[in-house]
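Please look over the model below with its charged and aromatic side chains in mind. A short briefing on those contacts follows it.

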Amino acid sequence: WQLFFTSNSEEELLRFEKTIFNLFKVKGKIYSCTTNKYGTMNYVISCASLARVLSLTGVPTGEKVSKKYTIPSWILADKENFRCFVRRYFDCEGYVHPVLGHLHVGQSKTSAFLDSGLEFMNQIRDGLFEYFEITTSKPFVISWKSYRKDGSFSQEVRIKIKRKESIFRFAKYIGLETPHKKQALDAFLQANQNQFI
C-alpha cells in the first residue's frame, strides 16, 4: 500500500508533494525510476491508510497498462470534478503539438486491455463535449508499440483535439498547469488569436 507518482520533472513531483501535504498532511520521497529508459523519477508515499482511501475512491492500483479501469462516476457526474481531472490528466499524459497545432492525450495498454483504454478515452471525449462543447477525434490505437522486458508490448489509445475553436475552448474552460505545456498552448493561442476575436 504505497502511492507512486511518476514524472521526469522534479518541479512536477514537488508540486504533487505540496498538493498531497496540503490535503492529507503526509510527505514522501523522490527516487530515480530504474524500470524504464526515460529518466523518470517516482514520488513515493508509504502511507497505507491514504493508499486505501484513494483506492476506495476509484484510483487504480497496480500496473495500469495491464488493468481494466474507468473514470469513477463521482468525477464524471460533476463538472468541476471532471474539469480538474481532465486538466491534470492532460498535464500528465497530454501533449501540445506545436507544428501540427493540436492537443492529444492517451493511455497505454497491453493488447488484452485495449478495449478498456478505448472506454476510458471515450469517457474523456464524451465529458469534454457534454460540459464544454469541446470536440475531439474518436479514440484510436496508434501503431507504434512499446516492448517490455518479457517480450509483450503496449500501445497507446489516443484522442486528439484538432479544431482550433475546441483548442481555444479547452484553454478557456480547462487549461494546463505544467509550465512547458502551458507555454506551448499559450503560443498556439497567440499565433491564432485573430481567428477568435
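This is a predicted model: local features need pLDDT of at least 70, side-chain atom pairs count only at pLDDT 80 or more; totals for chains, interfaces and linings use all residues.

Residues are numbered from 1 along each chain as its sequence is written, and side-chain values use heavy atoms, with hydrogens and water left out.

**Salt bridges around Arg-88**

- The structure contains eight salt bridges (a side-chain nitrogen of Lys or Arg within 4 Å of a carboxyl oxygen of Asp or Glu).
- One of them joins the side chains of Glu-12 and Arg-88 at 2.9 Å, N to O. This pair links distant parts of the chain, with Glu-12 in helix H1 (residues 10-24) and Arg-88 in helix H4 (residues 79-93), 76 residues apart. Helices (H or I, at least four residues) and strands (E, at least two) are DSSP runs, numbered from the N terminus.
- Glu-12 and Arg-88 are both buried (buried means under 20% relative accessible area, exposed over 50%, and partly exposed in between, with a 1.4 Å probe and protein chains only).
- Arg-88 also meets the side chain of Asp-91 in a salt bridge of 3.6 Å, N to O. Asp-91 and Arg-88 are three residues apart in helix H4, so about one helical turn separates them. Both are buried.
- With Glu-177, Arg-88 forms a salt bridge whose closest N and O atoms are 2.6 Å apart. Here too the pair links distant parts of the chain: Glu-177 is in the loop between helix H6 (164-173) and helix H7 (179-192), 89 residues from Arg-88. Glu-177 is partly exposed, because its relative accessible area is 44%.

**A buried lysine without a salt bridge**

- Lys-181 is located in helix H7. Lys-181 is buried yet has no salt bridge, and the nearest side chain of opposite charge, Asp-91, is 6.1 Å away. For charge, Lys and Arg count as positive and Asp and Glu as negative; His and the chain ends are not counted.
- A polar atom of the Lys-181 side chain lies 2.8 Å from the backbone oxygen of Gly-94.
- Leaving aside neighbours within four places in sequence, Lys-181 is in contact (heavy atoms within 4.5 Å) with Phe-90, Asp-91, Cys-92, Glu-93, Gly-94, Val-96 and Leu-176.

**Aromatic rings**

- There are 12 aromatic pairs in the structure. Rings of Phe, Tyr and Trp (its six-membered ring) pair if their centres lie within 6.5 Å; planes under 30 degrees apart count as stacked, over 60 as edge-to-face and the rest as tilted.
- The ring centres of Tyr-147 and Phe-153 are 5.5 Å apart and the planes are at 55 degrees, so this pair is tilted. Tyr-147 counts as exposed at 57% relative accessibility, whereas Phe-153 counts as partly exposed at 22%.
- Tyr-69, Phe-85, Tyr-89 and Phe-120 make up one aromatic cluster.
- Over the ring of Phe-21 sits the charged end of Lys-25, 5.5 Å from the ring centre. The charged end of Lys-27 also sits over the Phe-21 ring, 5.4 Å from its centre. A charge sits over a ring if NZ of Lys or CZ of Arg is within 6 Å of the ring centre and within 35 degrees of the ring normal.

**Helix H6**

- Ser-166, Ile-167, Phe-168 and Phe-170 are buried in H6.
- The buried residues of H6 pack against H4, strand S5 (102-110), strand S8 (153-161) and H7.

Terms used. A polar contact is a pair of N or O atoms within 3.5 Å; within protein, one must be able to donate a hydrogen and the other to accept it, and residues adjacent in sequence count only if both atoms are side-chain atoms.
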